Amino acid sequence: MTRRILITGGSRGIGRACALHLARTEAASLVLLGRDAAALNASAEAVRLAGGRAEIHCADVTDRTGLAKVARDLGPLDGLVVAAGISGMTPVDGASDAFFDQILAVDLTGPWNTVRAFLPRLGPGGRIVLVSSVLGRFGVPGYGAYCAAKHGLIGLAKALALELVDRGIVVNAVAPGWVDTDMAQTGIRQIAAATGQTEAQFRAQAEAAVPVKRFFQPEEVAHGIAWLLNPANTMQVGQCLNLDGGVIQS
Ligand SMILES: NC(=O)c1ccc[n+]([C@@H]2O[C@H](COP(=O)([O-])OP(=O)(O)OC[C@H]3O[C@@H](n4cnc5c(N)ncnc54)[C@H](OP(=O)(O)O)[C@@H]3O)[C@@H](O)[C@H]2O)c1
């Protein structure tokens, strides 16, 4: 039976890679959500070429009314991948409060809004995966808002998992390390500038800190997410799967 899975952040990066993986491996029917119609359309076209079906919805995960509107006209779902997110530096001495608030709104309240909007579309057997980060596992100077949001997201996954398990809905999170996407490029540029290094120097330093000595491709993260989404995953509940090449070993 064709599974129908909604992916926020389906227009780019990890969300898009998940959509393509599910299209390729099980000809899934994907519901792609983001803010940029052109980028969503490009993802949807790629999904169709990969053997899946796709529909797109433009919505901002901070806009509860917009999400409710999308959910109202949607049929049943089998899974939900909450990948939409933003990042950026919020040094305690220099960040604007508005930027701190924005990161929390997109990266923590956004997933809450998303789960609340689409939960009624999920029945027994449903799967939810929240995309956290290694910055949800440890702190990084200058990334207070992002670290707070991503730590919070793991807490949200744990609580929701226990709340929804009796309905047959399985909730988990993933914590990827550095993944080659637009977000990572921006992060490299900002940290290099803040630490007086070239982008190449900072990237080499960041890769050296990963036991497998490299960044990851979005497709590699998609494999982990697909496992948690799979009906065969009956035992991993309320956990956070580290997808970081050995940085964290618990
Ligand atoms: N890249 C990494 O190294 C890394 C590592 C660990 C965790 N992560 C996490 O993985 C997730 C995906 O990141 P990525 O690297 O794939 O980033 P990306 O390439 O920048 O993609 C971000 C996605 O989120 C969507 N998005 C952003 N703000 C949104 C909003 N307010 N409403 C709806 N959609 C929104 C974007 O779509 P539009 O801009 O078109 O709306 C885009 O599809 C994020 O949660 C991120 O924190 C990334």
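## Gly136 and its neighbours

Gly136 touches Lys150, His151, Leu153, Ile154 and Ala175, leaving aside residues up to four places away in sequence. Touching means contact: the C-beta atoms of the two residues, placed from the backbone, lie within 7 Å. This is a predicted model, where local features need pLDDT of at least 70, side-chain atom pairs count only at pLDDT 80 or more, and totals for chains, interfaces and linings use all residues. Residues are numbered from 1 along each chain as its sequence is written.

Where does Gly136 lie? It sits in the loop between strand 5 (122–131) and helix 5 (144–164). Helices (H or I, at least four residues) and strands (E, at least two) are DSSP runs, numbered from the N terminus. Gly136 counts as buried because it has 25 C-beta neighbours inside 10 Å. The cut-off for buried is 20 or more other C-beta atoms within 10 Å of a residue's own, with C-beta atoms placed from the backbone. Gly136 and Ala148 are 12 residues apart in sequence. In space, their C-alpha atoms are 7.2 Å apart.

## The whole protein

The protein has eight helices and seven strands. Its C-alpha trace spans about 50 × 40 × 35 Å along the principal axes. Of its 250 residues, 46% count as buried. Take the contacts with a separation of 6 or more: residues 24 or more positions apart account for 72% of them.

## Around the ligand

The shell around the ligand has 29 residues; Gly9, Gly13, Arg35, Asp36 and Gly85 come nearest. A residue is near if its C-beta atom, placed from the backbone, lies within 6 Å of the molecule. Helix 1 (13–26) and helix 6 (182–195) each supply at least two residues of this shell.

Conventions: Buried ≥ 20, exposed ≤ 12 C-beta atoms within 10 Å, placed from the backbone.
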